[in-house]
Amino acid sequence: MKNVRTGKKSLLMRLCLLGFAAYIAVSLVTLQMEINSKRSQLADVSEKCEEQRLANKEIERLISLGNDKSYLARIAREKLNMGLPEEHVYKDASGS
C-alpha cells in the first residue's frame with residue numbers, strides 16, 4: 001500500500017513540475033515578444049528624436065540669422081509682402 005501512495009505523490013509531483021515548466025516556457029515566449037515590440041518602439045522614438053534634433057538645429061540657425069538685416073528684409077518681402085518705401089514690386093501674372 002505504501003508503494004501506491006508514493007506512486008500517486010510522484011505522479012502529482014511530475015504533473016506539477018510539467019505545469020510549472022509549461023508556465024515558464026509560455027512566460028519566456030511572451031516576454032521575448034514584448035522585448036521585440038519595445039525594441040521597435042525604441043527605434044521609432046530614437047528616429048523621431050534625431051529628426052527633432054535636426055529641426056532644433058535649423059531653428060537655432062534661423063534664430064541666429066534674426067539679427068541679420070538682409071535676412072529680415074528677405075523674409076519681410078517673401079512672407080509678409082512688405083517692401084521699402086517708394087519701392088515698386090511687379091508680379092508676373094502670366095504664371096511663368
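Tutor: Glu50 and Arg53 join their side chains in a salt bridge, at 2.8 Å from N to O. A salt bridge here is a side-chain nitrogen of Lys or Arg within 4 Å of a carboxyl oxygen of Asp or Glu. One caveat: this is a predicted model, where local features need pLDDT of at least 70, side-chain atom pairs count only at pLDDT 80 or more, and totals for chains, interfaces and linings use all residues. Also, residues are numbered from 1 along each chain as its sequence is written, and side-chain values use heavy atoms, with hydrogens and water left out.

Student: OK. Where do Glu50 and Arg53 lie?

Tutor: Both are in helix α1, three residues apart, about one turn of the helix. Helices are DSSP runs of H or I with at least four residues, strands are runs of E with at least two, and numbering goes from the N terminus.

Student: What does Arg74 pair with?

Tutor: Glu78, with the closest N and O atoms 3.8 Å apart. Arg74 and Glu78 lie in helix α2, four residues apart, about one turn of the helix. Arg74 has a relative accessible area of 42%, so it is partly exposed.

Student: Does the length of α2 agree with its span, or disagree?

Tutor: It agrees: the 12 residues of α2 (residues 69–80) should span 16 Å at 1.5 Å a residue, and the end C-alpha atoms are 15 Å apart. The expected span is 1.5 Å times one less than the number of residues. Just after α2, Asn81 takes a positive phi of about 55°.

Student: What's the overall secondary structure of the chain?

Tutor: Two helices and zero strands. Of the 96 residues, 2% count as buried. The accessible surface is about 9,400 Å², with 63% of that belonging to carbon and sulfur atoms. That area comes from the Shrake-Rupley method with a 1.4 Å probe, and for residues only the protein chains shown count as cover.

Student: Switching topic: which residues make the nonpolar surface patch?

Tutor: Phe20, Tyr23, Ile24 and Leu28, over about 450 Å². Patch residues have over 30% relative accessible area and no salt bridge; like charges are joined within 9 Å, and nonpolar side chains (Val, Leu, Ile, Met, Phe, Trp, Tyr) within 5 Å. Tyr23 sits in helix α1 (residues 2–64) and is exposed at 54%.

Student: Last one: how many disulfides?

Tutor: Zero in the whole structure, where a disulfide is a pair of cysteine sulfur atoms within 2.5 Å. Cys16 is partly exposed at 47%, and Cys49 is partly exposed at 37%.

Notes:
Buried means under 20% relative accessible area, exposed over 50%, partly exposed in between (1.4 Å probe, protein chains only).
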